[in-house]
Amino acid sequence: MLCYEHNKTLFYTKTFHNMIHIFVAFLVVSTSLGPVLSLQSVPDSGHRQLQNCTLNPHKDIQKLRRVQTYLKKINKPAVKTIQSPDGDVIDCVPSHLQPAFDHPQLKGQKPLKPAVRPKGHNLTEAISESFQLWRDTGESCPKGTVPIRRTTEQDILRASSVRRYGRIRSHVRRDSTGYGHEHAVVFENGDQYYGAKASLSVWAPRVTNEYEFSLSQIWIISGSFGNDLNTIEAGWQVSPELYGDNYPRFFTYWTSDAYQTTGCYNLLCSGFVQTNKKVAIGAAISPRSSYNGRQFDIGLMVWKDPKHGHWWLEFGPGLLVGYWPAFLFSHLRSHANMVQFGGEIVNTRSSGFHTSTQMGSGHFAEEGFRKAAYFRNLQTVDWDNNLVPLTNIHLKADRANCYDIRQGRNHVWGTYFYYGGPGRNVRCP
């Protein structure tokens, strides 16, 4: 592995070729000195502990070559590039060249035409407002292309390995607190589900170190919480490790084997097929909600196309983003047996006590509108492609003194809930 200080390489330079020259020069010196150079362990501040990290030029060069190989594979040729105000580069890639079509079962194909939306879905709220920072430039991708956030060397070097880049670190079970994952969620099970829909407020919660994240999302789940777990996930997340900043970003995820070897975030592997030229998965969302101020939420809907069986995703005001092909899954080829809505954080306990990473707005559910984060108008999709209300609701907060949840119902918001919290506090040591 490479030696890191605050997750940056000791000899990181702008280009791969310069890195090789530096290591070759260092190899001459290090050969005479022996393997005595190492980074000292630093006080725990949320970053990896670095002990006995001996520089190995040959392995470092090999890893950098793997990084470059991966970058060539994942960053497709673009017909146009757009510089986002947050530093992202958005590549406009011909739709038939996107990463999904590297999959053996999709090679040579093109994206499908839009699926029929569930009955009862209202499109009258559709507006032309931009929901992502890169769109604030006034630039757009040409017809026949899809916008893809460019992956950089720094992105991959923040990950534990090239192989694990873009993937959830650890397995997740129903009560996943033992793995550092904590939830405040509403879920429904006991039936066959063909989709879910909700609007969720967008915030920018504080994440205390780069190996933690905070997210709000919809889960479509099938199988057991063992090795056969299938999930489709979409929402917003703050993940310094994945993106290198603290912006809330629109994201997707999928797995067919409980996060072991299949699936990934966004378009970082072959899987999700994007069909929309206005939305960049992994790009920052703007605007965001503010405490005691303006509230901003986004609509999300995932549903199974009755004709082809693929799972489609809609974002914001009626924008069809794309679909997960049915063949990616085992159990979800048929239907889901559980849907879930809410927040999740990772608690590394890096300083020996509970993290101060926030969920939602960073405030507890009891504070209510304009102060706590919310989901509203929760619905599921039935076997006949109808949107229907939830009827068998369960609430779960893994650590209610750290992050909690309160559910309600009215004529305007339908089924809704407030959720979140500050993490570490006097009742959450």
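Q: Which residue in strand 9 does Ile-218 stand opposite?
A: In this predicted model, Ile-218 faces Ala-234 of strand 9. Strands are DSSP runs of E with at least two residues, numbered from the N terminus. Residue numbers start from 1 along each chain as its sequence is written, and side-chain values use heavy atoms, without hydrogens or water. Because the model is predicted, local features need pLDDT of at least 70 and side-chain atom pairs pLDDT 80 or more, whereas totals for chains, interfaces and linings use all residues.

Q: What makes strand 8 and strand 9 a pair?
A: Pairing requires at least two bridges found by DSSP. Strand 8 (residues 214-222) and strand 9 (residues 230-238) have nine, in the antiparallel sense, so they pair. Ser-216 is opposite Trp-236 in strand 9.

Q: Why is strand 8 called largely enclosed?
A: A residue is buried under 20% relative accessible area, exposed over 50% and partly exposed in between (1.4 Å probe, protein chains only). Nine of the nine residues of strand 8 are buried, so the rest of the structure largely encloses this strand. Both faces are covered, with Ile-218 and Ile-220 among the buried residues on one side and Trp-219 and Ile-221 among those on the other.

Technical notes. Helix = DSSP H or I, 4+ residues; strand = E, 2+ residues; numbered from the N terminus.
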